[in-house]
Amino acid sequence: MRRYFEDFAIGETWTSRTITLSEDEIIRYAREYDPQPMHVDPEKAAEGRFGGLIASGWQVAALSMRLFVEAGGYGETPMVGLGIEQLRWRRPVRPGDRLTTTRKVIATEPHQRRPEFGVIKTEVTVTNQDGEAVMTMIALGQVPCRPRAE
């Protein structure tokens with residue numbers, strides 16, 4: 001289903017399916033994008049600040065986007081990311097953690113320079129199996145406005 005800017009309401013919320021992040025997935029991602037010992041080397045990670053292997057925060061952020069798209073929040077509407085106002089990694093994500101993403105519309109406003117688009121501001125929270133927030137983010141997305149009748 002295609003959705004337009006006018007279809008989004010403040011307070012609208014989407015919740016994703018839950019995924020389990022494995023040690024292999026953490027290491028594979030980190031080797032490619034964030035090759036720090038706490039993400040790629042279980043032995044060195046065990047000696048470090050977190051006492052074991054943890055996921056890169058960037059991996060958690062990328063997963064939150066994937067889970068949101070799969071949840072169908074924007075439907076078939078093409079959404080262009082405009083940026084992130086705030087991003088916080090609250091708790092380490094460890095192998096075996098089960099993650100769920102919730103995204104809530106907190107503001108909508110017309111695009112300042114392009115009247116054919118609107119801006120949707122969402123609050124993103126990724127929680128673990130204990131309901132603890134492991135990541136929070138405020139994201140801005142651009143979606144098309146409903147076409148006007150000619």
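The model is predicted, so local features need pLDDT of at least 70 and side-chain atom pairs count only at pLDDT 80 or more, while totals for chains, interfaces and linings use all residues. Residues are numbered from 1 along each chain as its sequence is written, and side-chain values use heavy atoms, with hydrogens and water left out.

**Overall fold**
- The protein chain has 4 helices and 6 strands, taken as DSSP runs numbered from the N terminus (helices H or I, at least four residues; strands E, at least two).
- Their order along the sequence is β-β-α-α-α-α-β-β-β-β.
- The C-alpha trace spans about 65 × 30 × 20 Å along its principal axes.
- Of the 150 residues, 41% count as buried, meaning under 20% relative accessible area with a 1.4 Å probe, protein chains only (exposed is over 50%, partly exposed in between).
- Among contacts (heavy atoms within 4.5 Å) between residues at least 6 apart in sequence, 70% join residues at least 24 apart.

**Helix α4**
- At the N-terminal end, Ser56 caps α4 through a side-chain oxygen 3.1 Å from the backbone nitrogen of Trp58.
- The buried residues of α4 include Val60, Ala61, Ser64 and Leu67.

**Nonpolar cores**
- A nonpolar core is a set of buried Ala, Val, Leu, Ile, Met, Phe, Trp, Tyr and Cys residues joined through side-chain atoms within 4.5 Å.
- The largest one has 19 residues, and Leu21, Val60, Val93, Leu99, Val134 and Met135 have the most contacts inside it.
- Elements giving two or more residues to this core are α1 (23–33), α4, β5 (117–127) and β6 (133–144); α4 gives the most, with 4 residues.
- A second, separate core of 9 residues includes Phe5, Phe8, Trp14 and Cys145.
- Beyond four places in sequence, Met135 touches residues including Val60, Ala61 and Ser64, as well as Leu87, Trp89 and Val124.

**Thr122**
- Thr122 lies in strand β5 and counts as buried because its relative accessibility is 0%.
- The side chains of Thr122 and Arg103 form a polar contact of 3.1 Å.
- Polar contacts are pairs of N or O atoms within 3.5 Å; within protein, one must be able to donate a hydrogen and the other to accept it, and residues adjacent in sequence count only if both atoms are side-chain atoms.
- Leaving aside neighbours within four places, Thr122 also contacts residues including Trp14, Tyr74, Val105 and Met137.
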